[in-house]
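Welcome, and please open your viewer before reading on. Keep the selection tool at hand, and take the stops in order.

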Amino acid sequence: MKIEELRQLQAGLFQRFVTILEQGRLAHAYLFSGDFASYDMAIFLSQSLFCGEKVGVLPCQNCRTCRLIEADEFSDVTLLAPQGNIIKTETVRELVKNFSQSGFESSKQVFIIRDAEKMHANAANSLLKVIEEPQSDIHIFLLTNQEEAVLPTIKSRTQIIGFPKNLSLLERLLEEEGLLKNQANLLARLVSSQEEALKLAENKNFLELMGQARKFIDLLLTDSNRAYLQVGSLLSLAVEKAEQGRLFDLLGLLLAERMLEPQVIEKMDNLLRAKEMWQANVSLQNSLEYLTLK
């Protein structure tokens with residue numbers, strides 16, 4: 001991501017980190033909470049640390065080093081992400097072995113761990129000592145969109161930086177992609193990152209699901225019998241587990257838009273129960289039918 005784009009997405013945080021870099025006060029361990037440009041900020045900071053052609057503290061983003069970092073191919077910047085739904089203990093322990101070593105191309109090393117909440121408890125605990133007492137010139141960026149799921153011991157030993165969603169900018173970008181205003185507003189509230197938003201904006205199946213979900217909520221609040229018949233349309237558009245989870249989030253947002261109308265609070269409670277049923281491996285069809293019949 002280019003510097004100007006990052007500056008637009010997170011203006012306040014961008015200036016904050018520029019000041020930190022200018023003062024040479026970049027901490028060795030951060031927890032970035034929120035997906036909205038947090039990974040891009042970690043890459044920007046990594047480039048600033050290693051770029052040999054900086055303008056002030058700003059990386060050039062064009063030199064060999066900057067391009068390798070952007071492509072996740074620079075030897076002294078290590079990116080770790082979950083395999084499946086977990087970051088294994090062995091993987092983190094292997095990473096920890098490198099913490100005591102100098103980098104290949106300089107004395108520094110950077111470690112970026114995405115979805116840090118998915119670290120196994122033992123994996124997270126193996127990080128604690130090196131976070132507390134780093135033995136070399138390292139910087140660790142832990143990224144999460146579920147701060148509450150990160151171990152308190154990790155949070156207490158890192159500087160926590162929140163990355164709030166820039167809702168108005170995201171809506172504008174989505175409208176520029178061709179979405180209607182109500183579509184852009186709903187999608188912007190649903191997603192946690194710009195990348196996810198733009199990907200879904202190009203997904204015709206998802207856009208149809210948004211329309212059918214809105215129709216379903218209209219019927220749920222006015223004619224439960226017709227809402228029951230609408231379930232089939234939702235099932236055909238939400239086949240995969242991830243799509244079904246997103247559908248429940250959509251329905252929750254659509255109900256929240258109408259919080260002042262009669263029955264909505266009751267329907268929100270029923271939706272929560274339906275989602276809990278689905279998470280307990282009740283089929284999507286049975287879960288949604290339960291919602292219409294309550």
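The tour below goes from strands to helices, then to cysteines and a surface patch.

**Before you start**

This is a predicted model, in which local features need pLDDT of at least 70 and side-chain atom pairs count only at pLDDT 80 or more, while totals for chains, interfaces and linings use all residues. Residues are numbered from 1 along each chain as its sequence is written, and side-chain values use heavy atoms, with hydrogens and water left out.

**Stop 1: strand β3**

Select residues 108-113, which make up strand β3. Helices (H or I, at least four residues) and strands (E, at least two) are DSSP runs, numbered from the N terminus. Is β3 enclosed or open? Six of its six residues are buried, so the rest of the structure largely encloses β3. Here buried means under 20% relative accessible area, exposed means over 50%, and partly exposed lies in between (1.4 Å probe, protein chains only).

Now colour the two faces of β3. K108, V110 and I112 sit on one side, Q109, F111 and I113 on the other, and all are buried. In a regular strand the side chains alternate between the two faces of the sheet.

Next, bring in the partners of β3. Two strands pair if DSSP finds at least two bridges between them. Strand β2 (residues 77-80) pairs with β3 in the parallel sense over four bridges; click on V77 and you will find V110 as its bridge partner in β3. Strand β4 (residues 137-144) also pairs with β3 in the parallel sense, over six bridges, and there I112 has F141 as its bridge partner.

**Stop 2: strand β1**

Move to residues 29-33, strand β1, where five of the five residues are buried. A29, L31 and S33 point one way, whereas Y30 and F32 point the other way. Which strands does β1 join? Five bridges link β1 to β4, and the two run parallel; A29 stands opposite I140 in β4. Four bridges link β1 to strand β5 (residues 159-162), again running parallel, and L31 stands opposite I160 in β5.

**Stop 3**

Select D40 in helix α3 (residues 38-50). D40 counts as buried because its relative accessibility is 14%. Contact means heavy atoms within 4.5 Å. Leaving aside neighbours within four places in sequence, D40 is in contact with M1, L6 and E195. Draw a distance from D40 to E5 as well: these residues are 35 apart along the chain, and their C-alpha atoms are separated by 9.9 Å.

Then jump to Q194 in helix α10 (residues 194-201). Q194 has 8% relative accessibility and so counts as buried. What does Q194 touch, not counting residues up to four places away in sequence? Show M1, E5, L9, F36, L170 and L173 around Q194.

**Stop 4: L174**

Helix α8 (residues 167-176) holds L174, which is buried at 0% relative accessibility. Beyond neighbours within four places in sequence, L174 is in contact with L179, A184, L187, A188, A197, L198 and A201.

**Stop 5: the cysteines**

Show the cysteine side chains. How many disulfides does the structure hold? It holds zero, where a disulfide is a pair of cysteine sulfur atoms within 2.5 Å. Select C51: the closest cysteine sulfur, in C60, is 3.7 Å from the sulfur of C51, too far for a bond. C63 also has C60 as the residue with the closest cysteine sulfur, at 3.5 Å, again too far for a bond. C51 is buried at 6% relative accessibility, and C63 is buried with a relative accessible area of 9%.

**Stop 6**

Select helix α15 (residues 284-293), where L284, S287, L288, E289, L291 and T292 are buried. The cover over these buried residues includes α11 (204-222), α12, α13 (241-256) and α14 (264-279).

Finish with L229, in helix α12 (residues 224-237). L229 is exposed, with a relative accessible area of 67%. To end the tour, colour Y228, L229 and L293, which form a nonpolar patch on the surface with about 360 Å² of accessible area together. Patches are made of residues with over 30% relative accessible area and no salt bridge, with like charges joined within 9 Å and nonpolar side chains (Val, Leu, Ile, Met, Phe, Trp, Tyr) within 5 Å. A salt bridge is a side-chain nitrogen of Lys or Arg within 4 Å of a carboxyl oxygen of Asp or Glu, and accessible areas come from the Shrake-Rupley method with a 1.4 Å probe, counting only the protein chains shown as cover for residues.
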